[in-house]
Amino acid sequence: MKKMAVLNPPRTMFEVFESLPEGTLCQLINNNLVMSPAPSDPHQKILMRISSKLFDYVDTHQLGEVRVAPYDVYFNKRNVYQPDIVFIANENIKNIQEKGLFGAPDLVIEILSPKTAKYDLEDKRDVYERYGVKEYWAVDPASKQVYFFKLVNDEYVEVDTENGIIKSLLLNTEIKF
């Protein structure tokens with residue numbers, strides 16, 4: 001049996017992340033690789049409802065770009081996320097590169113699941129806040145409860161919401177799902 005030498009093995013978690021095959025459902029959260037299976041059917045149903053309505057609105061008004069997971073958002077070499085839905089305003093489109101978005105999206109929507117809710121509502125929320133994501137929405141597909149965090153003076157303020165409705169102040173629109 002012939003031995004093969006690996007000339008340049010990955011030395012950091014970021015390098016390991018970068019070496020994963022395209023389409024791998026993996027995020028780098030606080031320098032830890034977090035893999036997850038494909039989302040559940042209720043998750044996918046809500047994702048499609050919200051993303052299609054958001055895409056149509058943004059496209060009609062030529063406000064920027066919408067992307068859905070899996071789509072890599074690079075905050076730094078310790079945090080590369082695949083948010084469920086992101087909106088990038090026209091003035092930030094320059095941050096879109098072939099591998100994904102480098103820098104903060106203007107708006108992030110996460111569809112919660114029992115296995116990822118802690119990451120979404122704690123770890124990822126903190127990074128979204130620190131890097132200046134203007135609006136962060138987290139949606140529970142079972143109850144349709146919506147959590148809305150608006151960036152005010154570099155800190156998130158939680159805003160009251162209605163179940164099944166996203167009212168984006170940034171985009172001046174309402175999305176019912």
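Predicted model: local features only at pLDDT ≥ 70, side-chain atom pairs only at ≥ 80, totals over all residues.
Leaving aside residues up to four places away in sequence, its contacts come from several stretches of the chain: Gln 27, Leu 28 and Ile 29; Tyr 71, Asp 72, Val 73 and Phe 75; and Asp 123, Lys 124, Val 127 and Tyr 128. For a sense of scale, Leu 121 is 40 residues from Tyr 81 in sequence, and the two C-alpha atoms are 13 Å apart in space.

One aromatic cluster takes in Phe 75, Tyr 81, Tyr 128, Tyr 131, Tyr 136, Phe 149 and Tyr 156. Counting rings whose centres lie within 6.5 Å as paired, the model comes to twelve aromatic pairs. Among them is Phe 149 with Tyr 156, a tilted pair with 5.9 Å between ring centres and 45° between the planes. Both partners, Phe 149 and Tyr 156, are buried. Phe 149 has a charge over its ring as well: the charged end of Arg 125 sits there, 4.6 Å from the ring centre.

Next, the backbone. Most residues other than glycine have a negative phi, and most peptide bonds are trans. Where does this chain depart from the trans form? The bond joining Ala 69 and Pro 70 is cis, with omega at about 0°. Pro 70 belongs to the loop between β3 (64-68) and β4 (73-76). As for phi, Lys 144 takes a positive value of about 65° despite not being a glycine. This lysine is in the loop between β10 (135-139) and β11 (146-152), and its relative accessible area of 27% makes it partly exposed. Asn 153, also not a glycine, has a positive phi of about 50°. Its loop runs between β11 and β12 (155-159), and here the relative accessible area is 71%, so Asn 153 is exposed.

Another asparagine in a loop is Asn 92, placed between β6 (85-89) and β7 (96-97). At 16% relative accessibility, Asn 92 counts as buried, because that value falls under 20%. Its side chain makes a polar contact of 3.0 Å with the side chain of Asp 106.

That leaves empty space. Rolling a probe the size of a water molecule over the atoms shows where it is left. The largest pocket has a volume of about 540 Å³. Its lining is made up of 28 residues, with Ser 36, Pro 37, Pro 39, His 43 and Thr 116 lying nearest the centre. Which elements supply at least two lining residues each? They are β1 (26-29), β2 (32-35), α2 (41-60), β9 (107-111) and α3 (117-131). Of these, α2 gives the largest share of the lining, at four residues.

Key: Residues numbered from 1 in each chain as written. Heavy atoms only, no water. Contact = heavy atoms within 4.5 Å. Phe/Tyr/Trp six-rings, centres within 6.5 Å; stacked < 30°, edge-to-face > 60°. Buried < 20%, exposed > 50% of the residue type's maximum accessible area, 1.4 Å probe, protein only. Lys NZ or Arg CZ within 6 Å of the ring centre and 35° of its normal. 1 Å grid on protein atoms, 1.4 Å probe; cavity = no way out; pocket = protein on both sides within 12 Å on 5 of 7 lines; lining within 4 Å. Points joined across faces, edges and corners; volume = space filled by probe spheres on them. Polar contact = N/O pair within 3.5 Å; in protein donor to acceptor, adjacent residues only side chain to side chain.
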